[in-house]
Amino acid sequence: MNERDGQAIIFRFVVTLLVILALNFILPHMMPGDPFSTMASDVQSEDVIVMTEAQREYYFQYYGLDRPLPEQFFSYLANLARGDLGQSIYYKMPVAGVILLHLPWTILIVLAATAISTVVGVVLGIISARNRNKGSDRLMMTGLIAFAEIPSFLLGIILLLIFCVHLRLFPLAGAVTPFAHYTGVLDQIGDIAHHAFLPVLTLSLAQLTGVYLLTRNTLITVSTKDYIRTARAKGLGDHIVWSRHALRNALLPVVTRTGFVIGMLMGGAVLVETVFNYPGIGLTLRNAVVARDYPLIQGILLVVAVSILLCNLLADRLYQKLDPRVVE
Amino acid sequence: MADLEVKDLKCHYNTDTSVVPAVDGISLSLEAGEIVGVIGESGSGKTTLGLSIMRLLDGLASVSGTIVYKGTDITHLPEPEIDRIRWKDIAIVFQNNLDILNPVMTVGKQVVEPLLKHEEIPVREAQARCADLFRTVGLDPVWMDAYPHQLSGGMRQRVLLAMALSCDPKLLILDEVTSALDAFTRKEIRDLLIDLQKKNGYSMILISHDLSFVSSLASRMIVLYAGRVVESGPTVDIINAPRHPYTRGLVHSTPDIFVYKDLWGIPGESASEDGHAGCPFSRRCTQPIEICRTSPPRLQSCGDGREVACHRGGIATLLRADAVHFRYPLPGRKTLHAVNGVDMDVCEGEVLAIVGQTASGKSTLAHILAGILRPESGEVRFMDGAVHSGNNGHRFGGIQIVFQDPFSSTSNRFTVLDAVREPFDINRIGTAAERLDMTREALKLVRLPPTDEFLGKYCGALSGGQRQRVALARAMIMKPRLLIADEITSALDVSTAANVLRLLKGLQNRRGFAMIYISHDLSLTLKIADRIAVMDAGRIIEIGNAHEVMLHPRDDRTKRLIGTRVGHCCHDHKPVGMAGRLQTRVSDCGDE
Amino acid sequence: MPPYLRNAADRFTATVSKFSLEGKIGLCGIALIVMMAVFAPLLSAYPPGKITGGSLEPPGADHPLGTDELGMDIWSQICYGARMSLFIGLAVACIAGLGGGALGILAGYLGGAADQVVMRTVDVLMALPSFPLLVVISAFMGPSVFNVILILVLFSWAKPARIARSQTLSIKNNVYITAARNYGATPFYLLRRHILPEVLPILFVLIISITSYAIMAETGLAFLGLGDPTSKSWGMMLYYATNFRSIYFTPYWQWWLIPPLVALIVLLLCLAFIGRDLEQVLDPRMRQNRGG
């Protein structure tokens, strides 16, 4: 089975989605004991909300814990189809609503970080490949690779300590200044950018090296290919050889990588938002974890997982469109 | 003035650990409209040569020497200026592979690209030109919208050709254009090249390892070995009479040139970068001398527009006979003039066959050449001394002879060991242990078991084929420079004869000694001979390239000899059929 | 020394001698951290979980790195935390690397249905978004070292399996395997003489990178509050420190947050350096590609 075969991609997407749904469904059943009675018992943070009797009853009903498993699964799927992700304990509102409230912030920083890391990574990769084995290339290789080995949230803490705690250049928490009065749209955008700057920087740095290395190495591989020599032989000039022949081939894997990057960033955002107290879906997940708000945890997992899968799917489809060698 | 003049070109690839000289001082010149072939096996530097003319090696290799195109030294032209010459003046048809065309661009776009750049014509016109080019090379223009991976190898080769022709270049370099193609496509491309060259009149450099392809197109040829020119000259002369041992080996390795002969490759591996100072071919050469290991030979003219790079001036003469006469006394004061004024020579590493009827004097001649009989007049010189100074048979590197009758060539009372090591015993060479070892080696060479049991066998107990091989082993133990095989297969049955013959030729090919093969069997002779001398009544009536003698016999008696071959494929006297039959017979028998 | 041990030692020195400077630094760093973990009781004056001083004491003679909010010694937490991080990392890497590798070899060797099952599972596992799932599963299964290891293993065996399989497949297609079979080689022989020597070096490189991944993931989980509360790993220290209200407005972060942060970064960088050099030295394909 060809890895880039269109049907295979769809098939894998569907299977993976089903696995996630099944996991999401089964997880509450795997919990030691009765999830809803133990909830209140392992209090270790003041955030944990003790459930009221009414809420507990609601959960029994939502999860249908008293009914047989297949029936539970179907009612779970039916609920999902209606867009009903259940009721959050912590926020005391529908899970879907909570997610919709916080998702835009995550999308904002993830997309910004994707754009920045891709553009900067590609540009640095090109510079590095064209100056292969020269000083600038070696410097970038060593520096960026060392950077890549530091996990994003540790990097986030370092940036936070330097820029927020020590230099006091950026806010320690939030996506906007609370209770601010904006003088105009620009002011508002500025405030949002100010808050988003460090999370975006952290996420970008985390993904930058991957894009950079991929671009550099693919370009170097491509530049040794025979068709580059053919193009040079035709006397097309350095510029056309690079832009039309080398870059086009080298950027194909970068395209696929971009979808992958979005997925990685969605995962990384959970930790980075926690570091910066940025009110995206990641911080919400962390709060839900601390508060043992299981419906919210599940809802967020579903949304994050499905968006990651969709990004990968889109990237694969895009690759098929761009590379004529892939037979539809 | 020549269109292209390459002088002392050197290209060295620098790897992490070593410097590989891919091209090591090549010079060549090309007139307008001329077709020159560059021949060499893989790793001989021929592709590097093509790339360096296009200046495509920058950064990969260090290049020195000069390349002058139409009076302009293009060796150090800056990139934008060389770009103007590329494709417009000098275009290259690359060896076809999947990667040679950009996989994400349609082939039409890739052919149009140089047109837009160099001719500066509108896209629509360029596309029309491209469609014309496709038709010229025999491709339907609908393929312009195809991607490279959708085309077959032959079609891609045609696209590459169309692409190279797009800007009407003055000089076309073709790099192994046929090597990946099947025989039919190869012929089509060849015919196409001939037509196009006639029409457009550009000059061509054909780079290939395919001697028959190059020789069918090029008027001049350059033979490369390990980055050096070893021989150059007119194609016909080189094919018919190669001067360099390497060229001779190449010719022998090419089935299309001498269709009757069995195929024998050049023994040994082609020279690699384990640099030693001498001639790069010396390790595989049939005639190395001391200087070959210490200094590389220069390319020197040897007349008729030919050049060869060899310390020995090309293939050297090993043995020369001058006006040799020999008469047998007959009863009644009559004499039989068995050898009547024979002049001939034998070159290093070649197989010369002497054919003729019974009593034509060929065996007598053989005995004279070996120094067994003394000629009445005339002289035989081997290497530098006269044969009859008498030290050729009992020293290493001399002349050995194997006789016709296997049953009398070794004594029945001798064991195999005694028979084979006899020359050592006679000449007191080596200790007993050394003699035993060399005997075993010699037996292995002739594919006889080197076991104690076999060594202890009496020659009388052996079959004819085995005894002939014992005799051969006895000759081989003295490591001869020249082996004379006098009708050695005539007493053997067909299958044994085929085996002994193949064994002999194999030994000759590996060891590189020269051989005089004497036979009355023309068909068998053709399988192994490089040259044939036809003898009749004590004279050599015709001598020449085996192929030439066979196809275009000049003397009537030779024609008669060729006509004597009988067999059901030969009724129309077309030698090709004969060769085909023999091919099957000999090769079916295998080596053993 | 028995010959096979000397052999292994020789190979080890030969491999290390090909390391770059960073690789050697990494090796020294790891050696130091391992020593720290092994000799933790000797290196630290106090047990890590015991209140031995005042709350949030700055570094001083008593407590070289100060104390946390409960008055526990930070230096001993770092020493003992090394145990936790290394243990989880190595346990996950060995189980996932060797187990996944074995599955991959088996799948590649057997082919057919077994191969299909393993490979489809690997496909799906590799498509799953691992970190969010890790978070959610640990949230549901409850925080314990065992659970963390189990979950991490579940998510990291796919890569070694896939690589081991493709290696096995490409080895299996060689004619020398056919020839060996023809000479009567048993599957066990083929495994020992032909497959393992090719696959093990690659698995070893992967084990290093999985160690790195596992330590990173464990730290991330702990940082979110999903670590085992009974064992103080460096990630848990980060969690407690960053969750201390207004830590950024006090000087406490200087001795509470920085030590585990530095320790983690040093550990991960050392592992990465070693992994990269090993890859270049051990993996024959990488060796070939180095020139290109």
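**Close-up 1: B:A359, in the loop between β15 (351-356) and α10 (362-369) of chain B.** Helices here are DSSP runs of H or I with at least four residues, strands are runs of E with at least two, and both are numbered from the N terminus. B:A359 isn't a glycine, yet its phi is positive, at about 65°. The residue counts as exposed because 12 other C-beta atoms lie within 10 Å (12 or fewer is exposed, 20 or more is buried, in between is partly exposed, with C-beta atoms placed from the backbone). This is a predicted model, where local features need pLDDT of at least 70 and side-chain atom pairs count only at pLDDT 80 or more, while totals for chains, interfaces and linings use all residues. Residues are numbered from 1 along each chain as its sequence is written, with chains lettered from A and ligands numbered from 1 in the order in which they are written.

**Close-up 2: B:D304, in the loop between β11 (299-301) and β12 (307-309) of chain B.** Here's another non-glycine with positive phi, this one near 55°. B:D304 is exposed, with 9 other C-beta atoms within 10 Å.

**Close-up 3: where chain A meets chain C.** On chain A, 41 residues are in contact with 32 residues of chain C (contact means C-beta atoms, placed from the backbone, within 7 Å). The chain A elements giving two or more residues to this side are α1 (6-30), α7 (152-166), α10 (238-276), α11 (281-290) and α12 (294-322). By class, that side has 30 nonpolar, 8 polar and 3 charged residues (nonpolar: Ala, Val, Leu, Ile, Met, Phe, Trp, Tyr, Cys and Pro; charged: Asp, Glu, Lys and Arg; polar: the others, Gly among them).

Definitions and conventions. Two residues are in contact if their C-beta atoms, placed from the backbone, lie within 7 Å.
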